[in-house]
Amino acid sequence: MISAIGNSLAENRLSLMEERCGIAVLEMFDSKYAGSLPAGEIKISNKDLKEKLFVTEPGVTRTTLLALHAFEEAVKDSQLRSAEITSDDTALIGATTVGGMCLTDELYRDANTDSKGSEYLSSYDYGSVNMYLQSRYSMNGIINTINTACSSSANAIMYGARLIKNGLAKRAIVGGADSLSKFTINGFNALHILSTETCIPFDRDRKGLNLGEGAAFLVLEKEEDCSGKNLYAEISGYANTNDAYHSSSLSANGDGPYLAMQAALASANIQADQVDFINAHGTGTENNDEVESRAMLRLFRTLPAFASSKSNTGHTLGAAGAIEAVFSILSLAYQEIYRGLNFKNPIEGTGLIPVLAYKKMFLQHVMTNSFGFGGNCSSLIFSRA
Amino acid sequence: MFYIHQHTCISPQQTYINTNLELLVESVDNQLKVIEPGYESIPPAVLRRMGKAVRIAVGAALSLLQNTTTDGIIIGTANGGMEDCFKFLNQLIRYEEGMLTPGNFVQSTANAIAAQVGLLTKNHGYNVTHVHRGLAFENAMLDAAMMTKEKPGKNYLLGAVDEISSFNYNIDYLAGWYKTENISGRDLYKTDSNGSIAGEGAAMFIVNNISTAANAYVKDVSMLHAVSEETVAAKLQYFLKENFKDDEKPDLLISGENGDNRLIKFYNTCESLIPEHTAIARFKHMSGEFATASAIALWLGCYILKEQVVPVHMIKKNSFATEIKNILIYNNHKGVQHSFILLSKP
């Protein structure tokens, strides 16, 4: 994985343990907001990413570079042989909401002029990211891209798990990638949900979210195929529901989030009180944090420890579900939980306080939430391997 | 896999109201644009905010959901609402990231279609959008196959949509996917040049695992990414072997042939591998080329199975089959993404 708090799984874990915040002033691309707006930016240029990843062909976007960076690490860590990667029973399910639209200015020129066209003509859409991975790794299994806004990569993980369960794949490489773009920065800004300060999920005085960028991939295999391999966790439950309330905000009762968490518990065949930790969606917006709190309080008689890692990475949109799935898995693998940053005062009426210090603790089941525009809500449950 | 109980389609042809496929609507300036109906089931205030892709997809979907409830919504779209996406993009650049209105941004996310259907039908169930370019709809079909197996007895809305906007037309034109010379859709298959004509459309289906009263049965879906016709041939041979016993054959091949002389080798290869007595029909002169055109082919397949008639202008090779029972669909997007779909009488 790669995010604003590290270029590898190990770096990300260390940053979480050291309570490091990756949100800083935007500086890597030409925007009116560069130099002022805080964002979870990965401070590596496209040129450096290309050199590091040996990408020499034209038309490769930052979203694809981040995806490739994370994909390479996941595949190496999983010890998959190259024959397994190219095998027709290996699926690749990736998610993105920005795709090649990170190149906002190039896209504008190519869409509005009849000149020759840039090198990116085939790279603007969502499919381009995984098409590149498919081609680079000569993959022959089911290849798919999912976009359910901010819950995209949680659904990619769920889809991969279902492919395996249904016998349509023997293994699945699942995850997501998104990069910062003028398009999303201005979109979220127009909705007045971007904070000009570092976000404070679940705090009374929260002022909105910070966008971030990153990518994460996971390799899923059946238990019986995992002997002798590096095992992090079991994916034991998942659910996808819809809030069916509004295109860009959640209902006051949080029906969608509640139903997603409830159905994920049922899918994992566990009770609410068996969940030891929740990696919350926790974007830091007025609407999300209040609604998510209410939905959690509706479902859990005693709320387990919870926190939002978006205070470390920013909101990485289509990558968030996968990045936070990896954080949940790290928690299980190392039996430790990571704190939410910057928190001072609980929201009036909910009184909920996220985890305020890194600590070691026994964890059997960890839930991770991802909610998005269009009411798309997904919850995943990972369990100790 | 799954049964189709209802199907509907808003396309450049008369597929939606008073269906008449014998009458061919011709392309204009190498583009085939949808014939839009009135949208009685969409509240006017909501309709005004919808871009074309959202409008036609939601309109088609709601027409199936008047008397049917579904457990989930599964949509395939390569791009979602392009029109909104570019409206927002143009605002953003022209006003130099100044005062922007969020409406187009919210509508431009690809999941806005499934989300709007969920919202307007108060559906809290499974809701997902597959966006894998030329295989977005096929992946949605595979998802529907899994869902109907996981939740027997439940209905799912399965569908696809993509639209032409002047912006994405421009981008694909610059990339060489549309013809530079102005042609008539009727002559699409006679041309010997790069590119095709642009198209758009939405097709929606109600599917489940119940055979009773079904219109059609999707027996298999197979996808591949390949640049050589040998790889495609091997996949088709395997697909035919898996799905047909010795005495069975597809009665009809619906071919995604699109007049692009770089892609004809794939279609010729597939035609050479199907039995001699299989008829061949084409549809891209009706729909134009777009990433989820295979959903239009699936709708046409449902229509043909039900009506037992193939519109004359679609026929490439006739056969003497007394009954059309099995339809094979082969589609190819931009020479890299390929799919085979097998549709049968239930």
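A residue is buried if 20 or more other C-beta atoms lie within 10 Å of its own, exposed if 12 or fewer, and partly exposed in between, with C-beta atoms placed from the backbone. Keep that in mind for what follows.

This is a predicted model, where local features need pLDDT of at least 70, side-chain atom pairs count only at pLDDT 80 or more, and totals for chains, interfaces and linings use all residues. Residues are numbered from 1 along each chain as its sequence is written, while chains are lettered from A and ligands numbered from 1 in the order in which they are written.

**Exercise 1. Work out how α9(A) sits in the structure.**

Step 1: find the helix. Helices (H or I, at least four residues) and strands (E, at least two) are DSSP runs, numbered from the N terminus.

Step 2: check its length. The expected span is 1.5 Å times one less than the number of residues. For the 14 residues of α9(A) that gives 20 Å, and the end C-alpha atoms are 20 Å apart, so the two agree.

Step 3: look at burial. In α9(A), 11 of the 14 residues are buried, so the helix is largely enclosed by the rest of the structure. Among them are A:Tyr258, A:Leu259 and A:Met261.

Step 4: ask what does the covering. The cover includes β7 (233-242), α10 (286-299), β12 (365-371) and β13 (376-384) of chain A.

**Exercise 2. Find out whether A:Asn269 and B:Ala213 are buried or exposed.**

Step 1: start with A:Asn269. Just after α9(A), this residue takes a positive phi of about 60 degrees, although it is not a glycine. Its place is the loop between α9 (255-268) and β8 (277-279) of chain A.

Step 2: count its neighbours. A:Asn269 has 10 C-beta neighbours inside 10 Å, so it counts as exposed.

Step 3: do B:Ala213. Its phi is also positive, near 65 degrees, and it lies in the loop between β5 (201-208) and β6 of chain B. B:Ala213 has 8 C-beta neighbours inside 10 Å, so it counts as exposed.

**Exercise 3. Describe how chain B meets chain A.**

Step 1: count the residues in contact (C-beta atoms, placed from the backbone, within 7 Å). Chain B gives 45 residues and chain A gives 49. Elements with two or more residues on the chain B side include α3 (82-94), α6 (136-150) and β6 (216-225).

Step 2: sort the chain B side by class. Ala, Val, Leu, Ile, Met, Phe, Trp, Tyr, Cys and Pro count as nonpolar, Asp, Glu, Lys and Arg as charged, and the others, Gly among them, as polar. You get 24 nonpolar, 15 polar and 6 charged.

Step 3: zoom in on one helix pair. The axes of α8 (residues 182-190) of chain A and α3(B) come within 10 Å and cross at roughly 90 degrees. Axes are lines fitted to C-alpha atoms, for helices over the stretch in contact, and angles run from 0 to 180 degrees between N-to-C directions. Angles under 35 degrees count as roughly parallel, over 145 as roughly antiparallel, 65 to 115 as roughly perpendicular and the rest as oblique. α8(A) and α3(B) are therefore roughly perpendicular to each other.

Step 4: name the residues. A:Lys182, A:Phe183, A:Asn186 and A:Gly187 meet B:Phe88, B:Leu89 and B:Leu92.

Technical notes. Two residues are in contact if their C-beta atoms, placed from the backbone, lie within 7 Å.
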